[in-house]
Amino acid sequence: MGSSVEDDGLYELVSPKYPLLPGQILTPDELGEFGDQAEASGWPGVKKKIKSFSTTDKVGVALADDKQRKKEEKKARDDEKRRMKEEEKAKSRQEKQDRRQRKKTNSTKSSGSLSQGLVGRELEEYVTDDSLVPPFLEMCINFIEEEGLTSEGLYRVPGNKGHVDLLMQKFEEDPTINPNDLEIPVNAIATALKTFFQELPTPLVPSADYEDLMEAASLGEQSARLVAIRDVVDRLPVVNKEVLKFFFIHLHKVSEHSKETSMDSNNLAKCFWPTILRPDFTSFETMAQASKILEEAVWLMIEHVDFLFFGSSEDMTTV
């Protein structure tokens, strides 16, 4: 039993109370007009018309059917677009990881000076029972904040490569080492920190999130950009988000000493966005367009670290 909508009206499937005998034919009764014989509830039956459609009804049904068809077609197109987008992201992520791995392998072959046990691993491999932040990164930042917040050109002026290699070697031998005992300048510690990020196989902000970050940083209102960037940050892997938070709290602190270091949030963003994001541009035009947007995103993250990582609504009042 049931009903169906057809071109000329609404029909109800009618079935006899008892199964028909061999050779018996179900004929129309006096209850109304019947159409062709049909299957109803698994028995031979007929369709009983319970309403005839006017011309207006037919047009309405046709429009409704057309609207439903278009809705289903749109959904199918949207689903296909999402699927293709996910496939492109996955392919891009894999290709970039392969390139990073080849670059890392070639770097190892050409220069064996960097401590291979300390750099060049995924962030998750540095996690300890006590912290999600890699101990080497924590040591560098603590030292810089104790000794380097008055150092002019911090992070902009590179340190001596020999000092960087020595620091990494000694840290690998003894993670409790104090850089002061090695008499290594603060600029070498800062360079070692940058090197640590540069040697990560997967950037601190994974390449799969670049498109969303670009879109967020391109919004019109700055407050809207901040909210959208925070959404991107919240979707990062747990370890990446924790390290990003730790590092940007540090950069914000450095920017507060810009009178001594000459490194305000703008200069720090220029210095670090290629290290944190490491995009692969396909053309000079793409690089020129995207680099400005990504630099803006990093600048916002330094300036509004409280809002992005701690959800402080008070920080929005300065936007």
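In these legends, two residues are in contact when heavy atoms of theirs lie within 4.5 Å. The model shown here is a predicted one.

**View 1. Serine 291 and its partners.** Leaving aside neighbours within four places in sequence, serine 291 is in contact with Trp273 and Phe281. Is serine 291 buried or exposed? Its relative accessibility is 17%, and buried means under 20%, so serine 291 counts as buried.

**View 2. Helix H10 against helix H11.** Here we step back to the helix pair around that serine. Helix H10 (residues 265-277) and H11 have axes that come within 8 Å and cross at roughly 115 degrees. The two helices are therefore roughly perpendicular to each other, and their crossing is right-handed. On the H10 side, the contact is made by Ser265, Asn266, Leu268, Ala269, Lys270, Trp273 and Leu277. H11 brings Ser291, Leu294, Glu295, Val298, Trp299, Ile302 and Glu303 to the contact. By class, eight residues of this contact of H10 with H11 are nonpolar, three are polar and three are charged.

**View 3. Helix H2 against helix H5.** What is the angle at which H2 and H5 pack? For helix H2 (residues 135-147) and H5, the angle is about 150 degrees, and their axes are 10 Å apart. That angle makes H2 roughly antiparallel to H5; the crossing of H2 and H5 is left-handed. Phe136, Leu137, Cys140, Ile141, Phe143 and Ile144 of H2 make the contact with Val186, Ile189, Ala190, Ala192, Leu193, Phe196 and Phe197 of H5. In this contact of H2 with H5, 13 residues are nonpolar, with no polar and no charged ones.

**View 4. Helix H3 against helix H5.** H5 (residues 186-198) also packs with helix H3 (residues 161-173), at an angle of about 70 degrees and with the axes 9 Å apart. H3 is therefore roughly perpendicular to H5, and H3 passes H5 in a right-handed crossing. The contact involves His163, Val164, Leu167 and Met168 of H3, together with Ala188, Ile189, Thr191, Ala192 and Thr195 of H5. This contact of H3 with H5 counts six nonpolar, three polar and no charged residues.

**View 5. The largest nonpolar core.** In soluble globular proteins, nonpolar side chains tend to be buried together. The largest nonpolar core of this model has 70 residues. Which residues have the most contacts inside this core? They are Phe136, Tyr155, Leu193, Leu244 and Phe248. Beyond its neighbours within four places in sequence, leucine 193 is in contact with Leu137, Cys140, Ile141, Ile144, Tyr155, Phe247 and Phe272.

**View 6. Two loop residues with positive phi.** Tyrosine 155 sits in the loop between H2 and H3, with a phi near 75 degrees. At 3% relative accessibility, tyrosine 155 counts as buried. Serine 262 has a phi near 60 degrees and is found in the loop between helix H9 (258-261) and H10. With a relative accessible area of 30%, serine 262 is partly exposed.

**View 7. The whole protein.** For orientation, the protein has 12 helices and four strands. Of its 319 residues, 37% count as buried. Among contacts between residues at least 6 apart in sequence, 71% join residues at least 24 apart.

Definitions and conventions: Residues are numbered from 1 along each chain as its sequence is written. This is a predicted model: local features need pLDDT of at least 70, side-chain atom pairs count only at pLDDT 80 or more; totals for chains, interfaces and linings use all residues. Side-chain values use heavy atoms; hydrogens and water are left out. Buried means under 20% relative accessible area, exposed over 50%, partly exposed in between (1.4 Å probe, protein chains only). A nonpolar core is a set of buried Ala, Val, Leu, Ile, Met, Phe, Trp, Tyr and Cys residues joined through side-chain atoms within 4.5 Å. Axes are lines fitted to C-alpha atoms, for helices over the stretch in contact, and angles run from 0 to 180 degrees between N-to-C directions. Angles under 35 degrees count as roughly parallel, over 145 as roughly antiparallel, 65 to 115 as roughly perpendicular and the rest as oblique. A crossing is left-handed if the near helix is turned anticlockwise from the far one by less than a right angle, and right-handed if clockwise. Ala, Val, Leu, Ile, Met, Phe, Trp, Tyr, Cys and Pro count as nonpolar, Asp, Glu, Lys and Arg as charged, and the others, Gly among them, as polar.
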